[in-house]
Amino acid sequence: MVQAWYMDNAGSNEKAENHKNPPEFVSLQELFKKTGVEYYKLNLASLDSDGILEKLKTQRGYTYEDQVTIRPTPDKLEEFEKKLKIFYTEHLHTDEEIRLCVEGAGYFDVRDKGDDWIRVRVDPGDLLIIPAGIYHRFTVDDNKYIVAKRFFVGEPVWTPHNRPADEIEARKDYIDKLQNGK
Ligand code: KMT
Ligand code: NI
């Protein structure tokens, strides 16, 4: 079961769970209400045959797909650190960020309506849809390893717009949608 919780920002290790004290978990329904983030649990063993991912791709128009591996290797340590720094810098995109964890694990942090961080842990089979215009960031856990599939509508645009990016149309649209209850 995917878990989401409010964060304590005082922690010195970003790759730890960083629970608020006392812990405050967020249900998937609440997560959607407070952020617009959507979640699907997929069966990786039948990913290519059960039609569920296929249906999602058709419904949402995901025409692009690739797979990324994030891990430190001795020859590319610097690249790993650099990548993580970019991922963990609070940003938004002009399109949805769709990630399906297939190996390892990671944390997607998203800002709720009150601008507090909610941390969402993904494990294999967890698919998250992070809306365009939401401030978010990503990190691995202490195992420093994730393999994720990425999906996109049309030609992918990965550009992060670091906060503050409130003037971006996607941000305004996101705020509007969230306020009108979607
Ligand atoms: C992003 O844009 O933040 C990422 O792609 C995170 C890594 S995917 C597990
Ligand atoms: Ni992002």
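Strands, a loop residue and a ligand shell

Modeller: In this predicted model, strands E5 and E8 pair in the antiparallel sense, over four bridges.

Biologist: What makes E5 and E8 a pair?

Modeller: Two strands pair if there are at least two bridges between them. E5 and E8 have four bridges, so they pass that cut-off. Within this pairing, Glu97 stands opposite Ile130 of E8.

Biologist: Which way does strand E2 run against E8, and how many bridges join them?

Modeller: Strand E2, residues 38-41, is antiparallel to E8 and joined to it by four bridges. The bridge partner of Glu38 in E8 is Ile129.

Biologist: Why is E8 called mostly covered?

Modeller: A residue is buried if 20 or more other C-beta atoms lie within 10 Å of its own. In strand E8, residues 126-130, four of the five residues are buried. For the whole protein, buried residues make up 23% of the 182 residues.

Biologist: Why is Thr94 called partly exposed?

Modeller: Thr94 has 15 other C-beta atoms within 10 Å. Buried needs 20 or more and exposed needs 12 or fewer, so a count in between is called partly exposed. Thr94 is therefore partly exposed.

Biologist: Where is Thr94, and what does it contact?

Modeller: Thr94 sits in the loop between strand E4 (91-92) and E5. Apart from its neighbours within four places in sequence, Thr94 is in contact with Ala132, Val157, Ile168 and Ala170. Thr94 and Arg171 are 77 residues apart in sequence, yet their C-alpha atoms are 7.8 Å apart in space.

Biologist: Which residues are around ligand 1?

Modeller: They are Val68, Ile70, Phe87, Glu97, Arg99, Gly106, Phe138, Ile146 and Ala148. Strands E3 (64-70), E5 (97-104) and E10 (146-152) each give two or more residues to this shell. The shell divides into six nonpolar, one polar and two charged residues.

Biologist: How many helices and strands does the protein have?

Modeller: There are four helices and 11 strands.

Biologist: How do you know that the protein is as compact as a globular protein of its length?

Modeller: Its radius of gyration is 16 Å, and the globule rule gives 16 Å for 182 residues. The two values are close, so the protein is as compact as a globular protein of that length. Along the principal axes, the C-alpha atoms fill a box of roughly 45 × 40 × 30 Å.

Definitions and conventions. Residues numbered from 1 in each chain as written. Chains lettered and ligands numbered in written order. Predicted model: local features only at pLDDT ≥ 70, side-chain atom pairs only at ≥ 80, totals over all residues. Near = placed C-beta within 6 Å. Nonpolar A, V, L, I, M, F, W, Y, C, P; charged D, E, K, R; others polar. Contact = placed C-beta atoms within 7 Å. Rg over C-alpha atoms; globule rule 2.2 N^0.38 Å.
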